[in-house]
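Reader: Hi, I'm new to this one. Can you put it up and walk me through it?
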Amino acid sequence: MTTIERTMLTFGIFVVNLYLVLTVHQGMKDEAQMQVIFTLTTLVFLTGIGLSIYQRDASYFFGLLALYYCPFIILRTGLSLETGATLIATGGMLHGLAGFPRPRWPDWASLEFMGGLFGRRRLLNRLLAAARARTGGEHLLDSDLQEYAALEHHIARVVRCLDGADPALDEALKDSVKQMSALQSDFARLLLRGAHLGRVLEETDRRGLEAEIEAAEREAAATHDPVVKAQLADMIALKRKRLEEMDRLATCAKRIQVQRAQILELVKGAYETVNALKFADITTMKASSSQLSRGIVRIRGELESLEQGLLTAETLAHHS
């Protein structure tokens, strides 16, 4: 059971027992007894807060208070519905905290499912912000988002290495870190453009177009009218041009895929490079930093060669 699950379980039982204890003790007027209860409650309250802070788990606080309220309910009401309710609720809490299997929830009701939905939305928002785009993420696959999350992780590892402990290293890699941030934006845009291009390719029927060309060629070969033959030849030429554009789109899609892999590998390797530089002299540090920067600049330069093909993809998407 995860920390979130334990916290939600204990909080729920805490609310139930708190309601019951306030209900059954609402008529108490003995000041001495109330003073003792207040003192005990304060001690338990502070103990629960201390345990939760030490363990970094709020379930210790809610679970301890839920258990603490049980004897007050039982001693006040004896054999009653309130006693039965608190025993069932608290027993279920202890059963879950002890690690016994809980009932199988439907996938749509599970915490993992809900957490995945919110986590995906946050990741998608970060990707759109990096790409400076407002829309376009609806066609991204989970694998695309995982790829972007991996890039974020590796860039964060590099940034954490530059914590100010080595000013010379920070100065040498200052430009490289800025370039990696720009590379992250390029990577996000590649994901969006690749998703858009993939949708365009899915909507095109290459086999159907090839069948249409074959049928038009047979019709042109069978006709004897020169005007019809010329018209069919023009139509076949247009269809072949569409095939050529489809080939260009497929090539662009492959280039985008390889470019993404290249960017991810460069950023992964940057972590090892930065750590190796911590033990290098200033001359080696500057040379390695320049090499890393040149690698980033080269990759960013290659991205520009994809623009024309991607513009073709967008044009076809608008006309389809």
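Predicted model: local features only at pLDDT ≥ 70, side-chain atom pairs only at ≥ 80, totals over all residues.

Reader: How many helices and how many strands is that?
Author: The chain has 12 helices and zero strands.

Reader: What share of the residues is buried?
Author: Of the 320 residues, 34% count as buried.

Reader: And the contacts? How much comes from residues 24 or more positions apart?
Author: They make up 77% of the contacts with a separation of 6 or more.

Reader: What is the mean pLDDT of the chain?
Author: The mean is 76. A pLDDT of 70 or more is reached by 74% of the residues.

Reader: Which elements have the lowest and the highest mean pLDDT?
Author: Helix α12, residues 307-319, is lowest, with a mean of 53. Helix α9, residues 206-222, is highest at 88.

Reader: Where does pLDDT stay under 50?
Author: Over residues 105-117. The model has seven contacts beyond four places in sequence for that stretch.

Reader: Let's do helix packing. At what angle do α1 and α4 pack?
Author: About 165 degrees, with the axes 10 Å apart. Helix α1 covers residues 3-24 and helix α4 covers 81-97. That angle makes α1 roughly antiparallel to α4. The crossing of α1 past α4 is left-handed.

Reader: Which residues in α1 and α4 meet?
Author: From α1, they include Leu9, Ile13, Val16 and Leu20. From α4, Ala85, Ala89 and Met93 are among them. By class, the residues of this contact are nine nonpolar, five polar and two charged.

Reader: What about α3 and α4? At what angle do they cross?
Author: Roughly 155 degrees, and their axes come within 9 Å. Helix α3 spans residues 59-77. The two helices are therefore roughly antiparallel to each other. Here too there is a handedness to give: α3 passes α4 in a left-handed crossing.

Reader: Which residues of α3 and α4 meet there?
Author: Gly63, Ala66, Leu67 and Cys70 are among those in α3. Thr86, Leu87, Thr90 and Met93 are among those in α4. That contact has eight nonpolar, five polar and one charged residues.

Reader: And α1 with α3, parallel or antiparallel?
Author: Their axes cross at roughly 30 degrees and come within 8 Å. That makes α1 roughly parallel to α3. Their crossing is left-handed. On the α1 side, the contact includes Phe11, Phe14, Leu18 and Val21. On the α3 side, it includes Phe62, Leu65, Tyr69 and Phe72. By class there are 14 nonpolar, six polar and two charged residues.

Reader: New topic. Where is Val159?
Author: In helix α6, residues 142-161. Val159 counts as partly exposed because its relative accessibility is 41%.

Reader: How far apart are Val159 and Val274?
Author: They are 115 residues apart in sequence. In space, Val159 and Val274 are 9.6 Å apart, C-alpha to C-alpha.

Reader: And Glu138, where does that sit?
Author: In the loop between α5 and α6.

Reader: Is Glu138 buried or exposed?
Author: Exposed, because its relative accessibility is 58%.

Reader: What separates Glu138 and Leu192?
Author: Along the chain, 54 residues. Their C-alpha atoms are separated by 9.3 Å.

Conventions: Residues numbered from 1 in each chain as written. Heavy atoms only, no water. Axes fitted to C-alpha atoms, helices over the stretch in contact; angles between N-to-C directions. Helix = DSSP H or I, 4+ residues; strand = E, 2+ residues; numbered from the N terminus. Parallel < 35°, antiparallel > 145°, perpendicular 65-115°, else oblique. Left-handed = near helix turned anticlockwise from the far one by under 90°. Contact = heavy atoms within 4.5 Å. Nonpolar A, V, L, I, M, F, W, Y, C, P; charged D, E, K, R; others polar. pLDDT = per-residue confidence, 0-100. Buried < 20%, exposed > 50% of the residue type's maximum accessible area, 1.4 Å probe, protein only.
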